[in-house]
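Visitor: Hi, could you walk me through this one? I'm new to it.
Guide: Happy to, let's look together.

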Amino acid sequence: VGSEMCIRDSSTTNRTDEIGVMVQAARVFSAKNRETSQLLEQARDLTEELEMNRADLAETNAELEQFVYTVSHDLKSPIVTAMGFLGLMQEEIDDGDYESAASFLPRLVAANERMALLVDDLLDLSRIGRADTEVTDVDLDALVANVLAGHDARIAADGVHVDVAPLPHISGNESRLIQVFDNLVTNAMKYGRSEEGVHIAIGAHRDERE
């Protein structure tokens with residue numbers, strides 16, 4: 001019976017009557033169905049790829065916004081400091097006190113060196129798309145002293161009082177930590193003003209392992 005069914009099934013595929021037409025139509029439908037399934041799968045893959053590209057674009061735009069903010073904010077501090085020292089030097093020169101004017105040169109040089117380092121960091125950031133993540137042992141005492149030196153002119157002009165307690169060595173990215181402390185000091189001088197003036201206290205305490 002099985003062999004007869006095979007012969008019968010085989011013979012129907014070659015028939016030219018209505019049954020044969022239906023068999024051929026079924027074959028075409030099956031092929032089209034497979035083709036449609038493949039196209040749907042390709043469409044799903046393209047949709048997933050498009051969503052990934054959208055996410056990458058959103059991340060890139062966010063990094064670009066952060067980059068622009070970093071440029072405008074971080075470069076402003078050494079520029080303001082340099083302009084402050086240039087103003088003080090001009091006053092001393094106008095008074096004929098060239099020795100006093102020359103005494104500001106090391107601080108002016110330090111401000112410009114700080115700006116050069118920031119420019120280098122920003123160029124690195126623009127090339128690789130994100131901040132350097134190298135972690136080293138950082139002496140926070142030296143780092144904060146360097147940051148405050150960059151604000152010497154404004155600290156002196158505004159009568160800002162700064163207290164710095166002993167700070168630890170930590171593991172971190174030195175360039176990013178400089179930006180953190182520079183931003184904090186800048187904001188403290190800008191928004192921390194009271195009737196008594198500006199008082200900035202920088203310190204640290206240990207809480208278990210932190």
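This is a predicted model: local features need pLDDT of at least 70, side-chain atom pairs count only at pLDDT 80 or more; totals for chains, interfaces and linings use all residues.

Guide: Let's start with E91, which sits in helix α3, residues 76-94. Helices here are DSSP runs of H or I with at least four residues, strands are runs of E with at least two, and both are numbered from the N terminus. Residues are numbered from 1 along each chain as its sequence is written, and side-chain values use heavy atoms, leaving out hydrogens and water.

Visitor: Why does E91 count as partly exposed?
Guide: Because its relative accessibility is 47%. Buried means under 20% relative accessible area, exposed means over 50%, and partly exposed is in between, using a 1.4 Å probe and protein chains only.

Visitor: Zooming out, how many helices and strands does the chain have?
Guide: Eight helices and four strands. Starting at the N terminus, the order is α-α-α-α-α-β-α-α-β-β-α-β. The chain has 210 residues, and 22% of them count as buried.

Visitor: New topic: how many salt bridges are there?
Guide: Searching the whole structure gives four salt bridges. The term means a side-chain nitrogen of Lys or Arg within 4 Å of a carboxyl oxygen of Asp or Glu. One of them joins the side chains of E51 and R54, at 3.2 Å from N to O. Both residues belong to helix α2 (residues 18-74), three residues apart, or about one turn of the helix.

Visitor: Why do residues three or four places apart point the same way?
Guide: An α-helix has 3.6 residues a turn, so residues at that spacing face the same way. Another salt bridge pairs R154 with D158, whose closest N and O atoms are 3.4 Å apart. R154 and D158 are four residues apart in helix α7, so about one helical turn separates them. R154 is partly exposed at 29% relative accessible area, and D158 is partly exposed at 33%.

Visitor: What does D152 form a salt bridge with?
Guide: With R107, and their closest N and O atoms are 3.7 Å apart. This pair links distant parts of the chain, 45 residues apart: D152 is in helix α7 (residues 152-158) and R107 in helix α5 (residues 105-128). D152 is partly exposed at 24% relative accessible area, and R107 is partly exposed at 40%.

Visitor: What about the strands? Is V138 buried or exposed?
Guide: V138 counts as buried, because its relative accessibility is 2%. It lies in strand β1, residues 136-139. V138 and G172 are 34 residues apart in sequence, yet 6.5 Å apart in space, C-alpha to C-alpha.

Visitor: And where is D163?
Guide: D163 is in strand β2, residues 161-164, and is partly exposed with a relative accessible area of 34%. D163 and A201 are 38 residues apart in sequence and 4.7 Å apart in space, again C-alpha to C-alpha.

Visitor: Last one: which residues of α8 are buried?
Guide: Among them are L177, I178, F181, V185 and M189.
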